[in-house]
Amino acid sequence: MDAEIERLRRRERELEDRVMRLEAERGDGLRRPNEGQRTSAASADLLFTAAEKTRMPQIITDPHQTDNPIVFANRAFQNLCGYEAAELLGRNCRFLQGPGTDPTDIAKVRDAITARRDVVVEILNYHRNGTPFRNELYVSPVFDPSGELRYFFASQLDVTRFRTTEGVLAESEARYRALFDAVDSGFCIVEMRFDASGQAVDYRFVEVNPAFALQTGLRGAAGRWVSELVPGLERFWFDTYGEVARTGRPVRFESNAVAMGRWFDVHALRVGEPEQHRVAILFNDITDRRRLENHLEATAQERADERDMVWQASRDLFVVCGFDGIFRKANTAWTEMLGWKTSEVVGRRFDALLHPDDLPEADAAFLRVSGGMPLTDIDVRVRVKDGGYRWISWNAIPRHDHFYAAGRDVTERRALEEQLRQSQKLEAVGQLTGGVAHDFNNLLTVIKSSSDLLKRPDLAEERRQRYVGAISDTVDRAAKLTGQLLAFARRQSLRPETFAADRAVASLADMVRTLAGARIHVHVDLPDAKTKDLHINADPSQFDTALVNLVVNARDAMDGEGDLRIGLRRASRIPAVRAHPAQAGDFIAVSISDTGSGIAPGTMDRIFEPFFTTKVVGQGTGLGLSQVFGFAKQSGGEILVASEVGKGTTFTLYLPRVAAVEAASPVSEPEPLAEGHGTCVLVVEDNLDVGAFAEQALRELGYSTVWATDATKALAEIERIPYRFEVVFSDVVMPGMNGVELAGEIRRRRPDIPVVLASGYSDVLAAEGTHGFDLLRKPYSVADLSRVLSRAVHNARARRG
């Protein structure tokens, strides 16, 4: 290391001599005092000339001028600091200092100038470009023969390189020595010996670290030749290290030293001057690792053979598929099961052989597995080469840029499951039919009895009003029963809107307390009132009905006494339930908890069935929970229940959370149309009894009517006499073109004619909604009919201006 430092210093002196020669070639660059400036009498020229000619950076300052400015700066000083003479002369040299300059060093210089004495100090100065340098400054006063101070003479020496080089070398040496002694790997520096032909024949260990002996088993190696320590060492080692010494190209390799009985991981590179033929070697004994690797390789080969046997012998479909969707490998089971050769499978997209109806589910599954999620039991239909499809249940595991998938033929299982479902459906339909028949027979009994009594002659007015009221109330009950059935079947036409779930729950709180009774303590747990992100998009009335049904169910379970808790929170997932996997997303969860008797395990699976109830006759229809179930499903949510016998039950309704929207302005009801107003209505109704009733009711309300029994006739009437009709009143469910399609066609042809739809049930409305048309739900009253038609006519006239 000392030799390396000496070499660097020698190189520095050579560079300084070269700089001096270049400066001489550029001219003397002498800066003499201007006329009128004070100099040191007769010796001034000699002083300035000597300062200019030296290769040391020199400046001269004049203490007799204000602020002791620089009056001379030689070329070497200009080169040192980067300033031209014009930028230096007339300025105090303190401008060369900066934020990193030590105030103590500045004070030393200032004190020496004040005391007119010599000073030597190493100070931090800054070049013109802002970079710092360490300046060894020699300041000395210059006196004339009479002893009067004439100038200050300052000599400079840039010692940055020395400080940096020496510090780096010392620090590097310390780090090297600490690493050399502490590293667990073996390390040595060897000196190669070559014969006359240039072939490496031996090498001597110049230096070895403490770990050398542990890694090689060789002790006392320093200073000795390897031929002495390891007789018979393979030629490979001499050739390899000799090549590194000659070319300077480092090598990294693993090799077996047979003569030593060890495997080594080696990294070798040339160090020092090329003439020294020295190579530094860092190595580790990997004998145990290689033995283990050999064992693992043998084991892996055995496992690979077993895997290939399973791959080929399995009757399940095996594939390797890239995240680009292309099959990379397939087993022979494709041929046995589906008739496809492996060459016909490899290179195709994963969805090329799937049933079109299963593509959405398959695409969703592919996105999950390509996103790093494993898949289990994804059932899709795969095409057989000779025609038809078979159900295949897939499991997949992702790895790197591909995934492994195994598919099992479950066609027979699916057929049996379908048979079971059909059997269960028939049983459910039978139960549902019996329940509907029972409840509607009760309702029809009231209607029939009341209508028979109304036929009696000389019936008192009070009794007539009572029987008419009974019929009207019974119709309302029948409509409610029908609505609950449609809710369970998810066939009701909802009127969704965005509203704050927390405010809806809060507004129901008082009614809930009334429903629960005085002996039930109701607790409502709502988030902070400042929360603005608890909005859902659902039918508000159905939401309220669902909560009321859950509260009534909880009240009855507690037999009128206990604690009822209503909670609302945000949720990031819906737990797995009823064979459905967990669903991630953003949801609002409303929980109704009671301290009642709980639900027996054998009953839990049936609580959402229509007409199923554990209550005594007359205390419930068994449709409350089925309505909640249908509403949740149709609104994109879920209903979960947790119960423990004797401790209580918790129902949790999950609905998707949506962003808040600005509240719409309330719609004012128009004034009722006057009797005899003559507004012309096109009635479209395929049922003769309903159509006749609608015509009669409208005429009694002062409308003029035209009745068409299907959509085709209705469009013909509109085209026959343009601008005749002010509103169209159409049923939804009709043969051929349904009411929603008719309304859309009228909107396209005659956007000025409003359309009002009427329906008690429609799968079209349940799936697609009303497309913006007004809807009157059956059964409807005459007042409801008049109100909706009046509003439609009023709004149409307002739009026309």
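## Close-up views of a predicted model

**View 1. Val 658 on strand β22.** Val 658 sits in strand β22, which covers residues 648-658. Keep in mind for this view and the others that the model is predicted. Is Val 658 buried, exposed or partly exposed? With a relative accessible area of 25%, Val 658 is partly exposed, because the buried label needs a value under 20% and the exposed label one over 50%. Leaving out residues up to four places away in sequence, Val 658 touches Thr 498, His 535, Ile 536 and Asn 537. Look for Phe 587 too: Val 658 and Phe 587 are 71 residues apart along the chain, and their C-alpha atoms are separated by 8.4 Å.

**View 2. Ala 632 in helix α19.** Here we look at Ala 632, part of helix α19 (residues 624-634). Its relative accessible area is 0%, so Ala 632 is buried. What does Ala 632 touch, not counting residues up to four places away in sequence? The list is Gly 637, Glu 638, Ile 639, Leu 653 and Leu 655. Pro 656 is 24 residues from Ala 632 along the chain, with 9.9 Å between the two C-alpha atoms.

View 3. Helix α24 takes in residues 782-800, which makes 19 residues. From its first C-alpha to its last, α24 reaches 27 Å, close to the 27 Å expected at 1.5 Å a residue. Which residues of α24 are buried? They are Leu 785, Ser 786, Val 788, Leu 789, Ser 790, Arg 791, Ala 792, Val 793 and Ala 796. Here is a handy rule for reading a helix: with 3.6 residues a turn, residues three or four places apart point the same way. As for what covers the buried residues of α24, the cover includes helix α20 (688-700) and the strands β25 (727-731), β26 (755-759) and β27 (774-777).

**View 4. Where α20 meets α24.** For α20 and α24, the axes come within 11 Å and cross at roughly 70 degrees. The two helices are therefore roughly perpendicular to each other, since angles of 65 to 115 degrees get that label. Which residues meet here? Phe 693, Ala 697 and Leu 698 come from α20, and they meet Val 782, Leu 785 and Leu 789 from α24. Sorted by class, this contact has 6 nonpolar residues, no polar ones and no charged ones. Leu 785 and Leu 789 also turn up among the buried residues of α24.

**View 5. Asp 731, a residue with a note in the records.** Asp 731 belongs to strand β25, and β25 is one of the elements covering the buried residues of α24. An unreviewed UniProt entry places the feature "modified residue: 4-aspartylphosphate" at Asp 731. Setting aside its neighbours within four places in sequence, Asp 731 is in contact with Val 684, Glu 685, Asp 686, Gly 739, Ala 758, Ser 759 and Lys 778.

**View 6. Glu 745 in helix α22.** Glu 745 is found in helix α22, residues 739-749. Its relative accessible area is 17%, so Glu 745 counts as buried.

**View 7. Two loop residues with positive phi.** Asp 67 lies in the loop between β1 (58-61) and β2 (70-73). Asp 67 is not a glycine, yet it has a positive phi of about 65 degrees. His 400, in the loop between β14 (389-399) and β15 (402-409), isn't a glycine either, and its phi is positive at about 55 degrees. How open are they? Asp 67 is partly exposed at 41% relative accessibility, whereas His 400 is exposed at 77%.

**View 8. Ser 370, and a step back.** Ser 370 is in helix α13 (residues 359-370) and is partly exposed, with a relative accessible area of 25%. Pro 398 is 28 residues away along the chain, and 6.9 Å separates the two C-alpha atoms. Zooming out, the protein has 24 helices and 27 strands, and 39% of its 801 residues count as buried.

Notes:
Residues are numbered from 1 along each chain as its sequence is written. This is a predicted model: local features need pLDDT of at least 70, side-chain atom pairs count only at pLDDT 80 or more; totals for chains, interfaces and linings use all residues. Side-chain values use heavy atoms; hydrogens and water are left out. Helices (H or I, at least four residues) and strands (E, at least two) are DSSP runs, numbered from the N terminus. The expected span of a helix is 1.5 Å times one less than its number of residues. Buried means under 20% relative accessible area, exposed over 50%, partly exposed in between (1.4 Å probe, protein chains only). Contact means heavy atoms within 4.5 Å. UniProt positions are given in the numbering used here, feature names are shortened, and annotations may be inferred rather than shown by experiment. Axes are lines fitted to C-alpha atoms, for helices over the stretch in contact, and angles run from 0 to 180 degrees between N-to-C directions. Angles under 35 degrees count as roughly parallel, over 145 as roughly antiparallel, 65 to 115 as roughly perpendicular and the rest as oblique. Ala, Val, Leu, Ile, Met, Phe, Trp, Tyr, Cys and Pro count as nonpolar, Asp, Glu, Lys and Arg as charged, and the others, Gly among them, as polar.
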